[in-house]
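Please look over the sequence and the model below before reading on.

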Amino acid sequence: MHTDNLIGFGLAVGSSAFIGSSFIIKKKGLQRAGASGSRASSGGYRYLLEPLWWIGMVTMIVREFANFVAYIYAPAVLVTPLGALSIIVSAVLAHLLLKEKLQKLGILGCILCIVGSTIIVLHAPAERSLSSVEEIWKLALQPAFLLYTASAVALVRVLVLYCEPRYGQTNIMVYIGVCSVIGYLTVMSIKAVGIAIRLTIEGSSQVAHFQTWVFVMVAASCIITQLNYLNKALDTFNTAVVSPIYYAMFTSLTIFASAIMFKDWAGQSASSIVSVLCGFITVLLGTMVLHSTRDPEKTAAVDYSALPQISWRGHANGEIWKQKDNDELHPEFVAIIRQEHFK
């Protein structure tokens, strides 16, 4: 394997361990913050005052740095699928710390993730040599990549403006959809910034090029958006459900985008391409097995004792029936009364 790919592989594995841990630590912080104030899923930001959430953020920052350097040395088609290892870490830690039970079949899912990642690593293409950030800019302006990006931005607008207010609290695909679609833009821009830094260190300064700063601004904006919606997803749904679905969508979109922009498959044999795709499918199957064996997150029981008491009276067969203090409704009977009915 190419030396650069080995470096990228090592950094990607370390990055996966950190991101798997940060998911759990942030989840614990969000739970503590939600217990004493407004939750992130409802637009609250009390988690910013929770030390445990910041520990998770620091862990995520370390992960992002390792991932950032990994993208400098290795192609996205190698680095991104290795994020499957983070699913294993988060599943095990969720079982131990969050009491989100990992069933025996989930172990098979973990093994499939490892096998698929190994196949991808062994057949990943070497990184394409780029000499300047202007060359990356030309790749980003290809009609095919521009069409792909325009479609992604339009989809994000629909998810944020239309779907989130209506289905955000009930459909996991809304929050994760925003994270995943924005995620591939994050990877492409981070990779461009990383290559610019590497070229600068090697003696070919890219600081004066305006394209470098455009990529920096795009990366920063996408990261902030991702973090916001990832917090909402973690605070609303089970961690073991969020992780694999987010991974599958994010990785698929990123690999496709990298193939369009950087032409990772150019010069590769058909057997290598098929091997990488088979490895990725194996990883996806592993995430599906993990997802299917996880228990859904328990919702808190609703306490009706704090609701205002309502007296009633009715007419039946010419008689007037009035509520008595010891009258009770059938336990399966639930009434929803609008406030305006009492005006």
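Among contacts in the protein chain between residues at least 6 apart in sequence, what percentage join residues at least 24 apart? The share is 82%, where contact means heavy atoms within 4.5 Å. The model is predicted, so local features need pLDDT of at least 70 and side-chain atom pairs count only at pLDDT 80 or more, while totals for chains, interfaces and linings use all residues. Residues are numbered from 1 along each chain as its sequence is written, and side-chain values use heavy atoms, with hydrogens and water left out.

The protein chain has 11 helices and two strands, taken as DSSP runs numbered from the N terminus (helices are H or I with at least four residues, strands are E with at least two). From the N terminus, the order of elements is α-α-α-α-α-α-α-α-α-α-α-β-β. Of the 343 residues, 46% are buried; buried means under 20% relative accessible area, exposed means over 50%, and partly exposed lies in between (1.4 Å probe, protein chains only).

Rings of Phe, Tyr and Trp (its six-membered ring) pair if their centres lie within 6.5 Å; planes under 30 degrees apart count as stacked, over 60 as edge-to-face and the rest as tilted. The count by this rule is seven aromatic pairs. In one of them, the ring centres of Trp137 and Phe215 are 5.7 Å apart and the planes stand at 70°, so the pair is edge-to-face. Because Trp137 belongs to helix H6 (residues 133-140) and Phe215 to helix H9 (residues 210-236), this pair ties together parts that are 78 residues apart in sequence. Trp137 is partly exposed at 22% relative accessible area, whereas Phe215 is buried at 7%.

Tyr175 and Tyr229 make a tilted pair, with 6.2 Å between centres and 50° between planes. Tyr175 lies in helix H8 (residues 172-201) and Tyr229 in helix H9, so parts 54 residues apart in sequence are tied together. Tyr175 is buried at 2% relative accessibility, and Tyr229 is buried at 8%. Lys232 lies over the face of Tyr229, 4.9 Å from the ring centre; a charge sits over a ring if NZ of Lys or CZ of Arg is within 6 Å of the ring centre and within 35 degrees of the ring normal. The charged end of Lys191 likewise sits over the ring of Phe262, at 5.7 Å from its centre. Ring pairs also link Phe145, Tyr148, Tyr184 and Phe256 into a cluster.

Ile111 lies in helix H5 (residues 104-123) and is partly exposed, with a relative accessible area of 47%.
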